[in-house]
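Q: Please take a close look at one part of this model. I would like a connected account of how it is built and what it touches.

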Amino acid sequence: MAGVASGPELPAFLQNYELDGAHDEMFDRTGQVRPHYQHLYDALLELPAEELRRRQQIADLSFLHQGITFTVYGRDEGTERIFPNDLLPRILTGEEWSKIESGLVQRITALNLFLKDLYHEARILNDGIVPRELIYSCKHFRRQMRGFHVRRDAYVTVAGTDLIRTPSGEFVVLEDNLRVPSGVSYMLVSRQVMKRIFPELFRKCSVQAIEHYAQALLATLRSLAPQGCAEPSIALLTPGVYNSAYFEHAFLARQMGIELVEGRDLVVHDNFVYTRTTAGLRRVDVIYRRIDDDFIDPIAFRSDSSLGVPGIFNAYRAGNVSLANALGTGVADDKAVYAYVPKIIRYYLGEDPILNNVETFQMSNATERAHVLGDLEKFVVKAVGESGGYGMLVGPQSTASQRKEFCRRVEADPRNYIAQPTIHLSRAPCIAEGAIQPRHVDLRPYILFGGEKVTIVPGGLTRVALRKGSLVVNSSQGGGSKDTWVLHG
Amino acid sequence: MLSRAADSLFWMSRYLERGEHTARVLNVQLYLMLERGPGSDDRHLARMLKSLGVESAWPAAEVAPSLIHSTTSASSIVSCIVSARENARQVRELISSEMWEQLNRLFHAVKRADQAADVRDFLHSIQEGAHLFQGITDSTMTHGEGWQFIQAGRYLERAIAVSTLVSVHFREFYGAAELEPVEWIGLLQSCTAFEAYCKAYTAEISPDRIAEFLVLNAVFPHSIRFSADALATSLKTISQEGSNRRTSRVERIAGRMQATLAFGQMDEILSAGLQSYLDTVRRQCLQVYSAVYQTYINYPVEAALGA
């Protein structure tokens with residue numbers, strides 16, 4: 001294992017920084033600091049460990065006072081945890097970002113065309129590009145959305161696409177999140193905190209701004225107003241205080257200046273949606289809904305849901321209320337369908353994908369299944385409809401009994417699983433165990449799609465697998481985050 | 001504002017007032033028990049529970065600990081504070097951070113309270129904590145619609161609590177052959193009213209005057225009349241803020257209760273029967289609550305659209 005080479009004297013904080021086969025964000029293969037990390041490196045040289053510790057404490061307090069907490073499913077009430085945030089920024093060059101951005105624009109455009117097609121003529125299925133049974137066996141494909149005209153054909157208004165960097169330094173798409181992606185509030189708050197903690201460094205680096213996210217989201221939601229509605233009333237629909245992402249719902253509603261509502265605040269009458277206020281019923285035109293399709297309407301979907309609004313689906317189909325994201329987008333972020341996205345891009349846009357996928361094996365395919373199950377320690381196996389890192393097996397870090405269990409699950413329900421070779425995610429310097437240590441990271445940019453316009457704030461949330469060697473970055477599984485700095489030029 | 005939010009603020013306030021009142025009443029009783037003979041504890045504690053509107057029948061030795069700590073009884077101080085905080089949590093965005101922090105402090109103090117620790121100190125700290133919360137609310141929250149719902153909840157709860165307390169006390173002690181000054185002072189102290197009463201009337205303990213003070217006094221904050229006035233004022237302000245045209249019913253019912261108290265004469269009330277008078281007041285309180293609910297919180301859709 002090579003260490004970091006940085007001249008005649010190795011600074012204390014880098015004494016145990018070991019490079020391995022993964023791409024390191026800060027150091028190249030020979031151990032030299034990458035040019036865009038130079039300012040950070042210099043700052044760390046001058047910063048005594050005590051000062052770094054002090055700034056970390058200030059940052060943590062700042063998060064605490066703002067109440068930025070995260071609840072992990074399965075925990076009891078009263079144990080809200082402060083979201084773990086690492087102080088060292090993850091830095092990207094403007095050029096790296098440009099390519100990512102154009103790749104994301106291409107991808108979201110293609111996915112929206114795909115969704116529109118699936119819920120109308122389904123030409124892509126008729127032409128045999130994507131297998132018909134794959135779509136119709138997907139539990140997130142909503143037959144109720146067939147033939148329905150979605151305002152501006154914007155099915156996915158907010159997308160969170162997870163990118164990872166391979167050992168060659170190339171950014172590839174790991175997965176798309178097209179239903180209710182979360183985490184943008186952590187991105188915005190950690191930027192605020194970073195500007196307080198490292199103001200000189202921030203200025204020196206010349207970082208592209210991200211603060212306009214809330215305005216951009218509001219503008220995007222406005223553009224979805226139903227026909228003939230000039231001044232739409234917009235609300236954010238949350239499952240409520242017990243939801244793990246509630247902080248984000250409240251934060252975004254506040255930043256955009258819109259009402260935060262729960263299902264029980266809304267009532268549907270004559271196919272219009274209203275909020276119950278003390279001054280009577282107030283009509284709602286656009287809803288940024290952070291409730292899953294399954295729970296949003298007990299009449300149209302799961303009847304045991306107490307979080308939803310009875311009749312909202314009818315109001316939606318009548319065109320009287322717009323929902324962002326549209327219902328039924330889950331069919332496009334199904335991990336088995338993900339494998340077809342390069343073909344989807346070529347089919348609708350006639351272009352090669354700018355961002356590549358990770359090689360993916362369909363467990364529903366007998367040959368591919370045999371290939372994977374025969375060598376399970378080398379693969380990452382994922383359930384197709386899950387998120388948050390649940391329902392996943394990381395082969396190289398699993399026990400024999402875990403692999404046996406997964407084998408059983410895959411054989412029992414092959415359509416529900418895909419497998420990918422274990423990618424050595426890139427690593428970035430983090431403050432860990434009192435020193436600076438590399439940890440695996442990914443990148444989740446947030447893409448806003450309003451029908452014609454695509455807006456992506458530079459960077460996104462960098463998620464960190466805080467445990468040494470861990471490849472699982474999801475916050476629900478104990479991951480943390482970093483501020484992402486995309487430099488100008 | 002959202003109906004649900006108004007509801008949460010209203011109930012946060014009611015539960016806190018209830019917790020504070022319970023703490024004070026219990027504190028006074030524990031003090032009075034030192035003055036009385038040990039044999040009468042059962043009777044007095046049972047009466048105290050009745051005056052608090054508590055249904056549970058605990059044996060004398062368990063009354064104090066249960067009234068403080070019971071998690072199964074909705075009337076216990078712990079339950080009140082927990083419920084107040086739960087409601088506050090639902091509307092965290094609408095209250096100030098200082099309010100939330102104080103309520104949280106109170107919550108943690110109540111959860112942490114050692115069952116063996118000094119009870120009187122603990123009860124005193126609950127009252128203080130509640131007072132602090134009210135002061136923080138007045139200073140740090142905009143006196144808009146949300147704040148008015150908090151006031152409405154507080155004074156409605158107070159009106160009900162004091163009516164019940166006075167009613168039960170009078171049934172037990174009024175017209176007794178021998179006046180027990182200690183019991184009547186206890187009643188006043190249960191409403192933080194003893195010193196104010198003395199300033200108004202001198203320290204001579206006169207049940208008629210005590211009734212007058214606690215029921216009809218216009219300027220003492222714990223009197224029923226004061227509570228009814230404050231309640232009506234808040235409800236009027238709420239109705240003026242919104243463009244809800246169905247508020248006249250709420251105002252009429254609250255106004256009627258105000259008038260019952262504004263034009264009452266204690267000598268007439270006493271000869272007709274204080275109990276039945278207070279029953280009327282209590283019934284009017286419930287009618288106000290019901291009207292508030294139907295107008296602002298839980299109205300049928302058709303009614304709202306027709307307006």
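How far apart do the C-alpha centres of domain 1 of chain A and domain 2 of chain A lie?

A: They lie 28 Å apart. This is a predicted model, in which local features need pLDDT of at least 70, side-chain atom pairs count only at pLDDT 80 or more, and totals for chains, interfaces and linings use all residues. Residues are numbered from 1 along each chain as its sequence is written, while chains are lettered from A and ligands numbered from 1 in the order in which they are written.

Start with the division of chain A. Domain 1 covers 96-183 + 210-349, and domain 2 covers 360-421. These bounds come from an automatic or database domain assignment.

Next, the contact between the two. From domain 1 of chain A, 10 residues are in contact with 8 residues of domain 2 of chain A. Contact here means that C-beta atoms, placed from the backbone, lie within 7 Å. On the domain 1 side, helix H13 (residues 335-338) of chain A gives the most, with 3 residues. Helices (H or I, at least four residues) and strands (E, at least two) are DSSP runs, numbered from the N terminus. By class, that side of domain 1 of chain A has 3 nonpolar, 4 polar and 3 charged residues. Ala, Val, Leu, Ile, Met, Phe, Trp, Tyr, Cys and Pro count as nonpolar; Asp, Glu, Lys and Arg count as charged; the others, Gly among them, count as polar.

Now the sheet. Chain A has an open sheet of 4 strands, in the order S14-S17-S15-S16, with antiparallel pairing. Strands S14 (361-362) and S16 (392-394) of chain A stand at the edges; each has a single partner strand, so one side of each is left without a neighbour in the sheet. Two strands pair if DSSP finds at least two bridges between them. Strand S15 (residues 379-383) of chain A runs antiparallel to strand S17 (residues 417-421) of chain A, and 5 bridges join them. Within this pair, Val380(A) stands opposite Gln420(A) in S17(A).

A helix covers part of this picture too. Helix H16 (residues 400-412) of chain A packs on the sheet and touches S15, S16 and S17 of chain A. The direction of H16 makes about 135° with that of S16(A). Axes are lines fitted to C-alpha atoms, for helices over the stretch in contact, and angles run from 0 to 180 degrees between N-to-C directions.

Last, overall confidence: the model scores ipTM 0.85 and pTM 0.88.
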